[in-house]
Amino acid sequence: MPVRGGQCNARPGLVSVREAGASPIGYYFAMRDRPLKFAAVLQALKEHYGPPDPLPTHDPFELILLENVAYLAPPARRRDAFAMLRRQVGLSPADILAASPAALQRVTAHGIMKARFADKLRACARIALEVLGADFHSVIHGPLPKAKKALRRFPGIGEPGADKILLFAGAQNLLAPDSNALRVLARLGLIAEDKSYARMYASSRELGAKPALKIAAMQEAHLLLQTHGQTLCKRNAPLCGACPLATRCPHRLYSR
Ligand code: SF4
């Protein structure tokens, strides 16, 4: 039975080192027969971090702005920038195009390269108005390839970014992990490590499709994995001692 801090901590689908016999070989055979379950990992993360704060919008154009509003800023600062944009400029394409460069740069100064990202906000507004026009929402809620193609016209939106916008707009049920979340999935053995980011991302797509989560639960899964990758399961020197998954994590066991 999985154990944390000496207390019984049963969660279906989780396999502890103690259960496996506390040796790498025992753990290998236990994991081979009973690998970590995605749903159980999400449950453990939710118990540890609590329910994640929802994103500040579900509107697809506003989600595009959120991606571009504060380059390389941490999540809380990005939300502050987005709130300032809403308050001082407005969030429609017309609002953005009517704003002065100084007003936009006060917002994008929450991240780095404020002038460049102010230009990107204007580019987002132009694309939304001139290229996609009133059709934008129907395109986003239409077939996946067309929706992704439309989103990838915007600055800073690659395939994972397009998937994320479709997930949080409620248009598609995709896990859409960012690089932090992808690292967590690989360390926990839920997807295979691979030198190719594209192959790892494709594996995560299969993983996200398996448990058939509803969209709200998938949005929560995305945010929980991202939070874990940013908070404890950092790229360098993960803080495994504080991790709720430490007793069952293959990465931790084999890196000791
Ligand atoms: S035990 Fe360490 S490596 Fe494993 S998921 Fe937790 S923080 Fe990441």
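Colleague: How many helices and strands are there in the protein chain?
Modeller: It's a predicted model, so local features need pLDDT of at least 70 and side-chain atom pairs count only at pLDDT 80 or more, while totals for chains, interfaces and linings use all residues. Residues are numbered from 1 along each chain as its sequence is written. Helices (H or I, at least four residues) and strands (E, at least two) are DSSP runs, numbered from the N terminus. Count them that way and the protein chain has 15 helices and two strands.

Colleague: What percentage of the protein chain counts as buried?
Modeller: Buried here goes by C-beta atoms placed from the backbone: 20 or more others within 10 Å of a residue's own is buried, 12 or fewer is exposed, and in between is partly exposed. For the 256 residues of the protein chain, the buried share is 36%.

Colleague: And what percentage of the contacts with a separation of 6 or more joins residues 24 or more positions apart?
Modeller: Two residues are in contact if their C-beta atoms, placed from the backbone, lie within 7 Å. Take the contacts in the protein chain with a separation of 6 or more, and residues 24 or more positions apart make up 60%.

Colleague: On to the ligand: which residues come nearest?
Modeller: A residue counts as near a molecule or strand if its C-beta atom, placed from the backbone, lies within 6 Å of it. There are 13 residues around the ligand, and the ones that come nearest are Cys233, Cys240, Cys243, Cys249 and Arg252.

Colleague: How does the shell around the ligand split by class?
Modeller: Helix 12 (179–187) and helix 15 (250–255) each put at least two residues into the shell. For the classes, Ala, Val, Leu, Ile, Met, Phe, Trp, Tyr, Cys and Pro are nonpolar, Asp, Glu, Lys and Arg are charged, and the others, Gly among them, are polar. The shell comes out at ten nonpolar, one polar and two charged residues.

Colleague: At what angle do helix 12 and helix 13 pack?
Modeller: Two packed helices are described by the angle between their axes and the distance between the axes. The axes are lines fitted to C-alpha atoms, for helices over the stretch in contact, with angles from 0 to 180 degrees between N-to-C directions. For helix 12 and helix 13 (residues 197–209), the axes are 11 Å apart and the angle is about 75 degrees.

Colleague: Is that roughly parallel or roughly perpendicular?
Modeller: Under 35 degrees is roughly parallel, over 145 roughly antiparallel, 65 to 115 roughly perpendicular, and the rest oblique. At about 75 degrees, helix 12 is therefore to helix 13 roughly perpendicular.

Colleague: Which residues make that contact?
Modeller: By class, they divide into six nonpolar, one polar and no charged. Helix 12 brings Leu182, Leu185 and Ala186, and helix 13 brings Met200, Tyr201, Ser204 and Leu207.

Colleague: Within what arc do the buried residues of helix 10 fall?
Modeller: An α-helix has 3.6 residues a turn, so residues three or four places apart point the same way. In helix 10 (residues 144–151), Ala147, Lys148, Ala150 and Leu151 are buried, while exposed Pro145, Lys146 and Lys149 sit on the face turned away from the buried side. The arc is that of the directions from the helix axis to the C-beta atoms. Those buried residues line one face of helix 10, because seen down its axis they fall within an arc of 160 degrees.

Colleague: Which helices do the buried residues of helix 11 pack against?
Modeller: Helix 11 (159–168) is mostly covered, with eight of its ten residues buried; among them are Ile165, Leu166, Leu167 and Phe168. Those buried residues pack against helix 4 (60–68), helix 9 (136–140), helix 10 and helix 14.

Colleague: Ala237 has a positive phi; is it buried or exposed?
Modeller: Its phi is about 50 degrees although it is not a glycine, and Ala237 lies in the loop between helix 14 and helix 15. Ala237 has 6 other C-beta atoms within 10 Å, so it counts as exposed.

Colleague: Which residues does Lys46 touch, leaving out those up to four places away in sequence?
Modeller: Lys46 is in helix 3 (residues 38–49) and is partly exposed because 15 other C-beta atoms lie within 10 Å. Its C-alpha is 9.6 Å from that of Leu225, 179 residues apart in sequence. The residues Lys46 touches are Pro51 and Leu224.
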